[in-house]
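Biologist: Please take a close look at one part of this model. Then go on from there to other parts and to the chain as a whole.

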Amino acid sequence: MSSDTLIDANWLDYLLVAIYFGFVLGIGVMARRSVSDSIDFFLSGRSLPAWVTGLAFISANLGAVEIMGMSANGAEIGLPTVHYFWVGAVPAMLFLGVVMMPFYYGSKVRSVPEFMFRRFGTGAHLVNAISFAVAQLLIAGVNLALLAGIVHALLGWPIWIALVVAGAIVLSYITLGGLSAAIYNEVLQFFVIVASLLPLTLIGLHRVGGWGGLTDKITAAAHNAPADAAVAPASQQLESWPGQALSGFDSSLLSVIGIVFGLGFVLSFGYWTTNFVEVQRAMASNSISSARKTPIIGAFPKMFIPFIVIIPGMISAVLVQEMVDLKNGGTPSGGASGDGVAYNDALLLLMRDVLPNGLLGLAIAGLLAAFMAGMAANISAFNTVFSYDLWQRYIRKDHSDDYYLRIGRLATVAATVIAIFTARIAMGYTNVMDYLQTLFGFFNAPLFATFILGMFWKRMTPTAGWVGLVAGTLSAVAVDRLAAAGVIDLPGQGAAFLAASTAFVVDIVLSVVVSLVTKPKPVSELRGLVYSETPREDRTDPDEAAMPWWRRTVPLAGIALAMVIVLNVAF
């Protein structure tokens, strides 16, 4: 193996990666032919079937962050990481499909901030649009940092050059075809990612002697770890509940409450129900029924993804020598960042050690696919919110459609350049999941509180909308700074869960108080925006009743919920 690269790929691996890139850019060129106006560029002309948007919905979320971050968590804390999927994703995805999607699709909004504008007016809209745009630039930076890490690991290029090249590749295909290019690429990427991670899991399990061998090795490693390495006991790494290794609480009761309320309710519902990156995929579908089924169809693959991202992380922690040293409190040199091995490298190092050439190329293409899916999703959401919600509403009103399409393409370029700089922030974290949960606590938790209260309580006022958002965000930042200063001492991601929960509670309490002393909107303006004021026929698809039961929204959601409960009990 050469000294300046982390992964020793050969011509066959590079050929597979090149073929994959040919497909990606080809899809961009083909999608460009269907972009005639801004609705085509930003929302695919609302023409896609539910299975396409459902797979894109999951693939947009299955970015670098998900794959590297979850395998990093798997290596560090083991099985409790499944809570990000079975508690922290699937229930909220089902709620989005059954309850909230009809409001988004039926009101014909182009973005979540636009929904906020109709419900609460200018103040809440401006706060939400700016915070959302900033969040997308920071999260795109995370994807770009990990993508550059792969390029650095493969080719040994300096990180700065890798960042610029990685950014240019993503930029080319979004600028060509807009959301359609992003969505069709995401469907392709979903299959590439699964095809590349499944062999890694199976070969890795074979190497450690199956599931039994893996549990024996984790038990032995935890038993022999030095006390100052603070490794979680094997029982906590091999059981998902009560999940103390994840929450950071000593008490099992507090740990369950923290995971269910902090992650399962506030962070998860905040992310899935108000995250325009995901909602935008459902809005590109061809009917209200397809829009509702998009997140529900996505829930089925979502619940099985832990088996191909978390288990490889757990294998890496006992099979790869550098990861074993790191977990025992050592500081092995090397790693994708060049600054030493971190948990984020768990998957890359396992690929290096167990995959033969050819399969290695497929796995690298899968990782590149994941990073580009995640980053493209962030940037396509940013360009929509920037063009419509900020530029058109506050800077240049009443221009031609061509003008806003041009602004969208310029915003895409600007966002990619800014992401190169925000990527440097993400590189400061050894586990990107810690950074991400912090960001979600700042941006998503208060938005969810405002959103859910405004949707179910018609008395909530426009003033309460923006006051709650600002106060919730500031309270989350305050908790994060107190944790950073050591005033609040919670290991794991407990501090992020606490910040999100605080933001949610502060937002709700202030919104209620402010609403009681300020003037609400007239009830006549709330149809399609508040549950009690929206007639049932506006919330359902008249054609759905004639469909067989397995194609209807609620039965599908019921099956997914039953399956996820079984998984929680089994593991």
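Modeller: Take A230, which sits in the loop between α10 (210-224) and α11. The model is a predicted one, and every value below is computed from it. A230 is not a glycine, yet its phi is positive, at about 55°. Its relative accessibility is 69%, and exposed means over 50%, so A230 counts as exposed.

Past α11 comes another loop, the one between α11 (234-238) and α12 (244-247), and P242 lies in it. The peptide bond that leads from W241 to P242 is cis, with omega near 0°.

A positive phi also turns up at D398, again not a glycine, with a value of about 50°. D398 belongs to the loop between α19 (359-395) and α20 (401-426). With a relative accessibility of 77%, D398 counts as exposed.

One more loop residue is W549, between α24 (536-539) and α25 (553-570). Leaving out residues up to four places away in sequence, W549 touches P555 and I559.

Finally, the whole chain. The protein has 25 helices and 0 strands. Its radius of gyration is 23 Å, close to the 25 Å that the globule rule gives for 571 residues, so the protein is as compact as a globular protein of that length. The C-alpha trace spans about 65 × 55 × 50 Å along its principal axes. Of the 571 residues, 61% count as buried. Among contacts with a separation of 6 or more, 81% join residues 24 or more positions apart.

The accessible surface comes to about 20500 Å², and carbon and sulfur atoms hold 67% of it. As for charge, there are 31 positive and 34 negative charges, and their mean positions are 12 Å apart.

Definitions and conventions:
Residues numbered from 1 in each chain as written. Predicted model: local features only at pLDDT ≥ 70, side-chain atom pairs only at ≥ 80, totals over all residues. Heavy atoms only, no water. Helix = DSSP H or I, 4+ residues; strand = E, 2+ residues; numbered from the N terminus. Rg over C-alpha atoms; globule rule 2.2 N^0.38 Å. Buried < 20%, exposed > 50% of the residue type's maximum accessible area, 1.4 Å probe, protein only. Contact = heavy atoms within 4.5 Å. Areas by Shrake-Rupley, 256 points an atom, 1.4 Å probe, with all protein chains shown as cover. Lys, Arg positive; Asp, Glu negative; His and termini not counted. Charge placed at Lys NZ, Arg CZ, Asp CG, Glu CD.
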